[in-house]
Amino acid sequence: MSRRLSRLNPNLPPILTAPYPFDVVDSNKKRALEEFPEGYVIDFGVGDPTDPVPELVRRKMAGAVEESKCSGYPSALGGAGYIAAVRDFVERRFGVGLEPDQLCATYGAKYASFHLPWYFCDPAGDDMCLIPNPGYPPYTDGTLLAGAEPYYLNISELSGFVPDLAGIPADIVARARILFVNSPHSPTGQVLSLDQLGEIVRFCLDNDIVLVSDECYSELFYGDPPPSVLEVPESADCAIVLNSLSKRSMMTSCAVGFMASRNPDLLGPIRAITRKSIQGVAHIIEAGAEAALLDDAHPREMRAVYQERLDILLPALESVGCVPVRPRGTFFLWVKVPEADTPLGFSETLLFEKGINCVPGNLVSKEWQGENPGDGFVRFALVPDIEQVREARQRLTAE
Ligand SMILES: Cc1ncc(COP(=O)(O)O)c(C=O)c1O
C-alpha cells in the first residue's frame, strides 16, 4: 500500500491527510438527532437551500426528459439555448454583453474554482494562490493539487471584511498567480463595492495575477444588488467570473453554472481542455437552468423569503447576547457569540438545550498569521422554513 501511495501525484497527500474539522460538529448533530424527537432539531448548519427548485424549472426539466428522450451527448461548452440564457442574464443583471467564446458552462462554482489553479499555476514552480479566509475549501484544495501554495487573506472586522492586498509582502505578490475573491462573501455576507472590485482588478493587472471572482451568491442580497467584476472594463485583461444556479434557483442538486470573462483568450485554454475532458451538463439540466436564468421572479421571491427569516432570527440572537454581522448578501448570518462563550461551546449549548444547530466559525476558517477570523463567531445558514425559524425564535427567547 505504501508503495502505491508513494506513486500518487505528490500534491495529493496534503489534501488527503488534512484534518477534517467538522468531525465534532457532525457527531454532535448525529447525537442531537438521536436524542430529540424526530423533526425537533432546526438545522441552520448546512449551506444548502431546502426550498424547492421553482416549479417552472422542474416542469421544464420534466418536459425536456420527454422531448430529448434523454439521448445524445450534451455540448461540453454549453448548449446554444443555455449559453443564450446566460448571455441574457449577464446583460440584464450586469449590463455586460458577452459573446459565446467569453463563456463556458460548468458543473457549478465548486468544480470550476477547484480546477482553475491547474490552468494558471506551474506545477514545477513556486506559484501561490491568494485565498480569502474564511473561504470556500476547494480554492485551497485545487491550489494544492495544482502544486501551488495557498496564501490566505483574513476577512474579518479588522480588515473591514475586504482582502488587505496592500498588506501582502512583495515576495508573495511576485509568486501569486491567482487571487480568489468571493462577493457576496460566504460566510460573512459582506459585499465588495464596484470601487473595491476596481481596486482589486488594478492590483491584479499591476502584478500579473489572474482574478477568479466567485459570484455564486450574486442573486441573494439584501438591499442593492451586488456588482460583478464583469462590470469593471479593465477586468478584460485579468478576470474570470464564476456563477451558478445553485443558490439563485436552489439548483444545488443539478450542479450547473458558468464561467465568464470579458477576455476570450483567458478562457481559451479552459474551453479547450473542457472539450477534451467532460461531456458537459446534461440537456435536461440545461433546459431547467435556461428557464431559471430567464426568470427574475423566483430570485426576487426568494430574497423576500431570506429577508423574512433574517428579520426574525437576527433580533432573536441579539436578545441572547450575540452580535450578528448584518449581511448584505448570501443566506448566511455570521454571528459573534457572547464574550464568555467559545464558538463550539455556544453551538453545543444551542444544539443540546434548544435543538438549534449552527456551525462554529473557527471551523470554517483557518488560523493564519496568529489570527483565526472565525474565532468568536458561529454561522447560521438561513435555510430552515419560516415556521422553523419562528420556532427557533421562540426557543431562543423563551426563559
Ligand atoms: C463560496 C462558494 N462558492 C461555491 C459554492 C458551490 O457552488 P456550486 O453549487 O455552484 O458548485 C459554494 C457552496 O456552498 C460556496 O459557498
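**Entry 1: the two domains.** I started with the spacing of the domains in this predicted model: the centres of domain 1 and domain 2, taken over C-alpha atoms, are 24 Å apart. The domain assignment puts 2–51 + 298–397 in domain 1 and 55–293 in domain 2.

Next I looked at where they touch. Domain 1 brings 31 residues to the contact and domain 2 brings 29. On the domain 1 side, the elements giving two or more residues are helix H2 (13–16), helix H13 (297–319) and strand S10 (332–336). H13 has the largest share of that side, with six residues. I also sorted the domain 1 side by class and found 16 nonpolar, eight polar and seven charged residues.

**Entry 2: the core.** How many residues are in the largest nonpolar core? I found 113, and the ones with the most contacts inside it are Cys 129, Leu 130, Leu 211, Met 259, Leu 313 and Phe 380. Domain 1 and domain 2 each supply at least three residues to this core. As background for my notes, nonpolar side chains tend to be buried together in soluble globular proteins.

Setting aside neighbours within four places in sequence, I listed its contacts as Phe 44, Leu 313, Phe 332, Leu 333, Val 335 and Cys 358.

**Entry 3: strand S3.** I then went to S3, residues 128–133, and asked whether its faces are covered or open. Both are covered: Met 128, Leu 130 and Pro 132 are buried on one side, and Cys 129, Ile 131 and Asn 133 on the other. Six of the six residues of S3 are buried, so the strand is largely enclosed by the rest of the structure. S3 runs parallel to strand S4 (residues 149–154), and six bridges join the two. Leu 130 has Tyr 151 of S4 opposite.

**Entry 4: helix H7.** H7 covers residues 137–145, and seven of its nine residues are buried, so this helix too is largely enclosed by the rest of the structure. I noted the buried ones as Pro 138, Tyr 139, Thr 140, Asp 141, Gly 142, Thr 143 and Leu 145. What do they pack against? I found H2, helix H6 (109–120), S3, S4 and strand S5 (176–182). After H7 comes Gly 147, with a positive phi near 80°.

Methods: Residues numbered from 1 in each chain as written. Predicted model: local features only at pLDDT ≥ 70, side-chain atom pairs only at ≥ 80, totals over all residues. Core = buried A, V, L, I, M, F, W, Y, C linked by C-beta atoms within 7 Å. Buried ≥ 20, exposed ≤ 12 C-beta atoms within 10 Å, placed from the backbone. Domains from an automatic or database assignment. Contact = placed C-beta atoms within 7 Å. Helix = DSSP H or I, 4+ residues; strand = E, 2+ residues; numbered from the N terminus. Pairing = 2+ DSSP bridges. Nonpolar A, V, L, I, M, F, W, Y, C, P; charged D, E, K, R; others polar.
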